[in-house]
Amino acid sequence: DSPTASPTWSPTSENKFEEQYVLDILYESFGGKNWYESATQDYCRWKYISCSESKEIIELDLSNQDLEGPIPKEIGDLKSLRILDLSNNRLIDIPVEIEYLVELRVLNLSKNKLKGSIPNGIKKMKELERILMNENKLKGQIPSKIGKLSNLKQLSLNDNKLDGSIPSDLGNSKSLQELSLSDNNLSGSIPLEIYNITSLWRMNFSHNELTGEIPKNIRNLSRMRKLNLSGNKLNGKIPKSFTDLKELTTLNLSDNMLNGKLPPNLFNKLGYIQEIDLSINQLTGQFFPMKQEKVNLGTLRILKLDRNHFVGTLPSFLPAVMNRLNELTLSQNKGADKKYCFNKQKDALEGCGKNDLDHWCCKKEDWENWQQICSIFLKKKKRKKNKICLPDSGLYGNIPVEMANFRYLNVFDISDNSITGTIPPELGLLPQIQKINLNHNSLTGTIPSQLASIGGDADILIDGNSFDEQIAAPVDLCLLKEKFDISKNDTFCPPERNYLKYFFDQAKGYEWERNIGWTDQYKNHCEWEGVDCDDSGKVTNITLTNNKLSGVLSPYIGDLTSLVKLDLSNNYIESGLPDEIGNLTKLTYLKLSRNSLSGEVPASFVNLQHLELFQVQENKLTGTIKMFSLPASIYSDSDSSMVADCGSPSIFEQPVVCDNCTICCNSLGECHTKESEYRHTEHGILALIIGSSVLVCILMAGLSFIFVKKRGKKNMEIFLRKTGEESIYTFILGESYLGWLLAAFIVVIQIFVFQFFLKNSILEFDNITDWAYSWSCPVDNVNCKNEMNISPISWFIFAVVMFTKLFPDIYSGMWVCYYSPQVRTQKGIQCFLAGTVLFVISVLSVVVSLMYNNATAREDTDLIINSMVILFVNDLDEQLLKACSSAFPVFVDEIIGTILCETRDKSMQKETSNRDHSLLKSLQLYMEDSQQQIIKRRNPSTISEVKSDIQNNSKDVENDIIYDKEDKISMFSRMRPTSQGSFKLKN
């Protein structure tokens, strides 16, 4: 069952989403280019859509939108639609579901590529008032019940491939006003019912295969104004009832098989008639079957009676009405009297043999010499051209200005005569002229610019005359090329003036702010605004900067091969760059900046090998600029010689690629030198800094290993102090795995942050970074300017801050690396790692700070702020140690204490060992001395005394050693490490 019209619904009802779904289907099916141009959630506000107060879609106008493909069947779901206009697209099929649009008033599918037949269901669309399906490829028959559409006012099915007969029930469409079925394959007779549609005012059945006679009841079409039945096979006579069509303005019955005589009152009864075409029939009788006193041709402008069988002479009243007629065609009949042929001044019949019955004319007594040139000459055969053809006819005198009265004159040929004077500008007022031939006469003066107004459709031939060679022909005439026979004459039509005029027209020259000379038809082009020429008249310079140029940059600019300088900057040109610019091989200066140029940069630019300045920034160009590097020149400094939109951000996903550009600009108008672009990524730079720093540390350790002979001199307390007692890097010297992990963590974090700053310090013209573009390219100067405002004193302060803050760490890191081989193997490696980390992070801080400031700092304050931020990153190791000491003091004290305990223990062992050695040495000396005394005395008592003394002294030495050790151990046991890495005694 066919769905019925949907009830009124609110914007939140289900139907709203159904209609939006249909719109989505239409978009996907049609592929229109502007469909969602104004899309919002409320589709009633979309472009091309109109809605009722209840938010129902009632009008959909997608005409002229370059749509293609079949009309989707979902169109039938827009049940409230009243107007559907899909005309002038490339649609190919009408769905049967269109019959569901029962509320539709206007259906316009004209000028598409619709195939198939007209859906029969169209008869169900009772509300239809206008059906327009003309200019398609529809086949089949016109639906038989289409006459049931009682509201139908217009039916246009012309220019299709419809066949069959005209449905008789069309006569039931009592509201029908316009009916056009022309240019189809319709056959049979015109149904009599058609002539009963009294509301018809326009009917066109031309160029079909219709047969039969025109009935008498045509008088019923009393409102008919335009009737065209031409190009069929109608026969019989023209009924007298035609005279009852009082409102008729156009009657065309040509190219049929009508016969008999004209109705006697046809011309004087049709009071509003403007055009009558009865040509190409078999009509007989007199041309004008009425008496002069009954003539009523006041509104008639076109009368065509040619190619019939009319006889007799032309009526005497005809010349009196000639001024009102635009076109009169009487050729190829049987009875034109020779007295109306062309008459020369002396011999009234001379020349009639040549023209014979195919031409007629009337007299114009006020013309001199060839005054009797007749108003219209009609050529025989089938071409309908109104001609005055008088070549080589001995004519002399001036061309009369009255020629402008012949509005429908097609050809005017008076070549090879002796015509003098000037060409009347009025010839440029002939609206239908197709050819003017004035060749080989004696015409002088200047060539009128008015001829250019007809030159687009007419051939203008004026060669072989005596025009003033000091004044060029009108430039608009010269642009007509083949239609103007002296357009290739360099004297009258300098080629470079033509190229400049093409450039002017395509760049909308009449809207320019300054166009002096460009609009003058005769002025020398070297005197035009912004144009300079050399001594030979060749254009060498075009400078039209800031002049409101728009439109298209003409490819004819490439024909100005002597051009040295072209400056069209700061305008509104919207086209692409023509390849022909590559032909300007002498060009040294090309400035097209600040326009709206689009498309890819032509590869032909590589031919501009003499170019010294090339600036195309602030446009919408894409692709690759394949040009050689440009040298410094008289025009600009070396930095500004080649400027393009190769910076970021770009309005496109990929900026212009320009390897040899000296300056790249971005979409914000900011610029920077191409030299600033690094050739390496942040990863490469980071690897280079870290790698070179590690190599320096290895070199320092190697030098120490080679040249420092004594080892074991340095203890861990010194390395702890050099590494930084307040840095978490000291954890590297300890034995805690968690400490090592924390130290590694902060090193990774610092390197990661430095990498972030490095990335944003690199100018990459195809990526967006923090790099601050410091250059600008002003409109009024070819030299771009560096606008960086950092003073030298600020850089000096920066250097002092960096030296004061980071040099101690750099030195300490190198010192630790140098002396790390002096420590036993395991601790030596830890010392080397700690020194390397300290040295690498310090060097990174210096390099990154320098690079980031150079990239982003444009004011003195930027320099200081950026430096402080990076120095904070350098201090992250100390900040982490403070945080750990606050949160986990025991853990930190244990790690630091372990390092210091080992250092103190070694020191005490060494001191005790030295003291023991000294005591034992003293004891040995004492015993030796005692033995010598015994030997000398040889007294036993003395010997026993000496032995007793030796034993006592030995015990004293042993006790001293033991007590000393106990004192040392007792003292150290009362010491504990502090969170700052130092020690103090327990109370």
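Modeller: We will take strands, then cores, then a surface patch. Keep in mind that this is a predicted model.

Biologist: Which strands pair with strand 12, and in what sense?

Modeller: Look for bridges between strands. Strand 10 (residues 161-164) runs parallel to strand 12 (residues 185-189), and two bridges join them. There, D163 stands opposite N185. Strand 12 also pairs with strand 14 (residues 209-213), again in the parallel sense, over three bridges. In that pair, S187 has E209 as its bridge partner.

Biologist: Which residues touch the most other members of the largest nonpolar core?

Modeller: A core is a set of buried nonpolar residues joined through their side chains. Here the largest one has 80 residues, and L84, M133, I194, M203, F205 and F242 touch the most other members. Helix 1 (14-30) gives this core its largest share, three residues.

Biologist: What is I194 in contact with, beyond its neighbours within four places in sequence?

Modeller: Its contacts include I166, P167, L170, L200, M203, F205 and L221. There is also a second, separate core of 48 residues, with A743, C831, L844 and I895 among them.

Biologist: Which residues form the nonpolar patch on the surface?

Modeller: I793, F796, I797, V800, I864 and M868 do, with about 560 Å² of accessible area together. Helix 11 (792-819) and helix 13 (860-874) each supply at least two of the patch residues. Helix 11 has the largest share, four residues.

Biologist: Why does I864 count as partly exposed?

Modeller: I864 sits in helix 13. Its relative accessibility is 37%, so I864 counts as partly exposed. That label covers values between 20% and 50%.

Methods:
Residues numbered from 1 in each chain as written. Predicted model: local features only at pLDDT ≥ 70, side-chain atom pairs only at ≥ 80, totals over all residues. Heavy atoms only, no water. Patch = residues over 30% accessible without salt bridge, like charges linked within 9 Å, V, L, I, M, F, W, Y side chains within 5 Å. Areas by Shrake-Rupley, 256 points an atom, 1.4 Å probe, with all protein chains shown as cover. Salt bridge = Lys/Arg side-chain N within 4 Å of Asp/Glu carboxyl O. Buried < 20%, exposed > 50% of the residue type's maximum accessible area, 1.4 Å probe, protein only. Pairing = 2+ DSSP bridges. Core = buried A, V, L, I, M, F, W, Y, C linked by side-chain atoms within 4.5 Å. Contact = heavy atoms within 4.5 Å.
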